[in-house]
Amino acid sequence: MKILIFVLISVCTICELSAQEFYMYIGGQKHYLNVAQDRMIVKLEHDTVNIGNTISMYSTNISETDQRGIMIVEFQEKNTVNNNFELIDSWKKQGVISFFSPIYVDEVGNNLSALTDQVIIRLKDNSDYSILQKSAIANSLEILRQSDFDEKTYILVNHSDKQNALQISNALYETGLFDYVEPNFILFINYSTNDTYFPQQWGLNNTGQYGGASGIDINAPEAWTITTGSPNIRIAILDSGTDLTHPDLINNLLPGFDATGGSNGGNQSGVGHGTACAGIAAAQGNNSIGITGVAYNCGILPIHMGSSPLSDRVASGLNWATQNNANVVSMSFTTGETNAINLELAEATAANCVLVAATGNSNLSTIGYPASHLNVIAVGAISPCGQRKSPTSCDGETTWGSNYGTALDVVAPGVLIPTTDIQGIAGYNPNLPIHTNNGGNKITNDYADLDYTVWFNGTSAACPHVAGIAALVLSVNPCLTQQEVRNIIEMSCEKVGSYCYSTTAGRPNGTWNNQTGYGLVNAYKAVQYAHSTTITNFENISGSPYGTLSNQYAWQVSSSCGLAAGNYLVKRREIRATVSYPHTLSPVIVGAANGLSAASPNNGRQYIGTVSASETSATVNTYIYEVYSIAGQYLGWYPTTATNVRFNFKVLSALDTDLHLQNQNITTTASHAAIKSITAEDFTIQSGANVTLRAGEQTVLKHGFYAVDGSTFRAYIEPFFTCEQFPAMVAPQNDNYQEAPDYVIKNYEVENTPLPN
Amino acid sequence: MKNNILKLTAFLLILTGSVSCENDIGTYKDRPIYTLCKKIEGSYLNILKLQGNGRLFLDSIPVKLVSQNNVTLIVYYPEQDSAIFKLSNPEAIYNAEICNFPDYAKHWEIPLQGKTFSFEGDFYEEGRYLSVPPYIGGKMVLTVFKSK
């Protein structure tokens with residue numbers, strides 16, 4: 001999945017999309033654009049409801065909708081953007097969508113950009129403004145504003161219903177009147193790394209490698225927009241030892257331990273397993289070689305147990321990890337349960353260490369020890385298609401399956417995983433005979449670079465993915481307890497696969513099933529939740545029908561829980577519930593309901609949507625369906641009736657890292673918080689209004705900040721997540737800022753520096 | 001002609017084998033193995049029955065065999081009086097300390113390229129790294145150990 005940066009998009013007039021040449025001018029030269037034929041973006045007129053129905057009828061897939069109602073529509077086989085033009089245009093005419101655009105892609109099909117309704121024009125000379133005005137009128141453009149960065153550059157909005165932003169840009173450039181004219185694109189930012197084998201690391205960013213399903217990954221690149229890991233967070237790799245001079249690990253390695261009784265400092269002794277696990281968790285990233293670890297700036301504590309994870313070595317290694325302030329321990333092994341290990345697991349937990357272990361590869365419904373221990377996060381493996389790894393999953397490896405069962409907590413990528421290997425001929429690569437059962441029918445050769453292997457497999461590979469996520473979460477907020485980290489990892493899971501996730505006794509962090517636990521771990525959501533400072537729980541909240549029953553329409557069910565695959569006719573009913581909670585900044589709803597999403601019967605099970613969320617209350621929703629056979633026979637409500645709908649969720653206070661408040665006129669009370677900085681620009685606090693800003697590092701008051709007499713303004717410098725208590729700094733109240741220059745409130749400077757009058 | 005060559009080869013192999021084969025002292029059937037392997041009791045996950053042929057080395061394994069697949073090795077370390085069992089095949093890589101390496105074998109003359117043996121034994125699994133194939137660690141109890 002990729003993150004979209006939406007550049008000031010707003011409701012657009014129709015953007016003609018038909019077979020045509022796509023190009024733009026860069027430096028006066030035509031640059032041709034490749035258009036994706038299987039996907040495009042649309043912007044919803046209202047919400048997801050209508051578009052969901054329409055799209056499900058036409059057998060398409062829609063991606064997660066962003067907060068502004070923009071989403072990617074993917075057409076299934078044999079459909080293309082061009083031959084669906086009439087369909088898309090009909091959505092526009094019906095008022096279902098307000099805007100659509102082709103997606104421009106690179107040579108291998110990665111999303112690069114899409115149009116908005118805006119055009120950027122740079123004048124040749126400041127005196128050409130009148131030319132701009134005339135051209136705007138002639139082309140149904142509205143001059144929106146001047147650029148913040150260049151006085152010759154203007155942003156315009158396209159109101160034409162005949163030409164899209166690209167066509168208008170080309171036409172205007174070809175007049176020769178302007179320095180340049182180009183669409184204001186939506187950019188698809190791909191936060192990949194420059195490491196050699198990163199493109200094969202489907203577990204971090206699944207683009208369909210090995211025939212997998214795009215998006216079935218842990219969302220690592222998205223998480224890296226928030227953190228790539230702190231060197232202060234230490235992941236202990238309790239394993240066969242790690243190659244201490246490996247070029248992709250050496251910069252993250254800390255002094256280690258030999259749990260066999262020797263003194264090798266955590267080095268490997270011929271078995272490549274530990275080196276492989278260490279790489280997945282925290283190989284150095286963006287160093288132009290090898291692979292990228294999940295938490296690629298975190299520290300690694302290598303622990304050597306040799307070729308056998310014997311119980312005494314496990315206990316000894318755990319003890320050393322606890323004594324040496326490990327924040328996370330990754331355990332990709334199973335061993336016999338002993339009192340000594342149980343004691344060390346308890347000690348590590350008491351020391352706030354997050355414990356993670358692999359469930360086993362026997363395709364059994366029982367989970368090995370120590371994964372089965374209550375204090376340990378039990379990690380199973382999934383295939384690149386989002387199934388529990390089994391002998392029949394899509395990866396082609398038929399000899400093993402991930403253990404599952406009542407003790408399973410989460411799943412993570414665990415097959416066809418590229419990672420670090422012992423340098424040279426030792427380890428996995430090039431010992432091809434060891435890989436006889438590896439690679440399935442997807443890979444036949446290992447890397448030419450013997451310091452890496454292309455196909456590390458097993459729940460051993462899944463485990464360090466989760467250890468890395470735990471380290472990322474702690475990198476954002478080191479104040480979290482190990483239980484809070486575990487809650488966050490479990491709450492943030494994606495409900496992948498055709499499994500029936502349900503509310504389960506003893507499973508408080510969302511819906512669960514015994515094949516994939518809480519689901520596929522999601523690093524991006526996890527680090528977002530790590531920002532959370534308060535949590536309010538709501539359990540078994542009932543709801544009420546909202547609005548009217550929809551018209552009847554067709555449903556194609558390919559897999560579900562209780563409803564046989566086939567074609568149906570359905571009417572949809574929305575169920576809503578509203579709750580109140582103590583004052584919460586930037587609330588985020590995390591949880592589930594026993595309904596479905598509005599989009600499709602084949603995904604979105606246990607769907608909960610946020611209709612609105614203020615600082616004191618929220619309204620959530622889900623959908624149920626009145627189902628009929630194609631012949632019209634009434635089959636009942638699915639998945640449940642309105643009176644049986646229940647919402648289980650938490651309200652998190654999820655803070656932004658940097659918050660930019662702009663064009664706001666505050667007349668009552670408002671409060672905002674950000675982990676690092678808050679910038680207030682064109683921000684007016686009216687008399688009687690009360691504004692409180694809390695920022696971890698600084699608050700910047702830019703031009704246009706105005707607090708009139710009689711208003712109250714407080715700026716707290718509140719270092720979040722330092723695990724230390726700093727006194728809050730309070731700015732003087734009732735100050736009157738008249739068009740203040742940029743003014744920075746930094747930690748402890750508020751009291752010492754007079755605010756401008 | 002071809003048949004004659006095969007018969008001759010088979011005869012020579014049998015002859016060679018009978019010459020180098022030890023007496024029945026190589027079996028453990030009358031020995032109480034747990035008197036030699038007390039540590040095993042209690043903390044193992046599985047017992048795996050293993051048998052086959054392998055090569056015995058003194059002190060170290062030739063580098064070319066370290067990572068080879070489909071190989072069974074025992075390394076005896078006279079100074080520590082300990083022996084390590086290693087079996088690698090496409091399904092798993094086994095590593096174990098042998099808790100009852102026999103006294104008679106300690107006096108065998110072992111060439112650099114190793115001495116061939118046949119064995120049967122119980123592999124007491126104590127832990128495994130959960131890769132595919134797994135690395136399985138534990139203790140090995142030999143029930144038959146003969147030179148070939």
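These legends cover close-up views of a predicted model. Local features need pLDDT of at least 70, side-chain atom pairs count only at pLDDT 80 or more, and totals for chains, interfaces and linings use all residues. Residues are numbered from 1 along each chain as its sequence is written, while chains are lettered from A and ligands numbered from 1 in the order in which they are written.

**View 1. Domains of chain A.** The assignment gives domain 1 (1-190), domain 2 (198-512), domain 3 (533-653) and domain 4 (657-746). Such bounds come from an automatic or database domain assignment. The centres of domain 2 and domain 3 of chain A, taken over C-alpha atoms, are 34 Å apart. Domain 2 of chain A gives 8 residues to the contact, and domain 3 of chain A gives 9 residues. Two residues are in contact if their C-beta atoms, placed from the backbone, lie within 7 Å.

**View 2. The largest nonpolar core.** This core has 157 residues. A nonpolar core is a set of buried Ala, Val, Leu, Ile, Met, Phe, Trp, Tyr and Cys residues joined through C-beta atoms within 7 Å. A residue is buried if 20 or more other C-beta atoms lie within 10 Å of its own, exposed if 12 or fewer, and partly exposed in between, with C-beta atoms placed from the backbone. Residues with the most contacts inside the core include Ile235(A), Val329(A) and Val473(A). Helix H9 (residues 459-476) of chain A supplies the largest share, 12 residues. Helices (H or I, at least four residues) and strands (E, at least two) are DSSP runs, numbered from the N terminus. Domain 2 (198-512) and domain 3 (533-653) of chain A each contribute at least three residues to this core. Apart from it lies another core, of 34 residues, among them Ile41(A) and Ala136(A).

**View 3. Around Val379(A).** Neighbours within four places in sequence are left aside here. Among the remaining contacts of Val379(A) are Val356(A), Asp409(A), Val411(A), Cys463(A) and Val466(A).

**View 4. Helices H10 and H11 of chain A.** The axes of H10 (residues 482-491) and H11 (residues 523-530) of chain A come within 8 Å and cross at roughly 135°. Axes are lines fitted to C-alpha atoms, for helices over the stretch in contact, and angles run from 0 to 180 degrees between N-to-C directions. H10(A) is therefore oblique to H11(A). Angles under 35 degrees count as roughly parallel, over 145 as roughly antiparallel, 65 to 115 as roughly perpendicular and the rest as oblique. Ile488(A), Ile489(A) and Met491(A) of H10(A) make the contact with Ala526(A), Tyr529(A) and Ala530(A) of H11(A).

**View 5. Chain B.** Chain B holds 4 helices and 6 strands. Of its 148 residues, 30% are buried.
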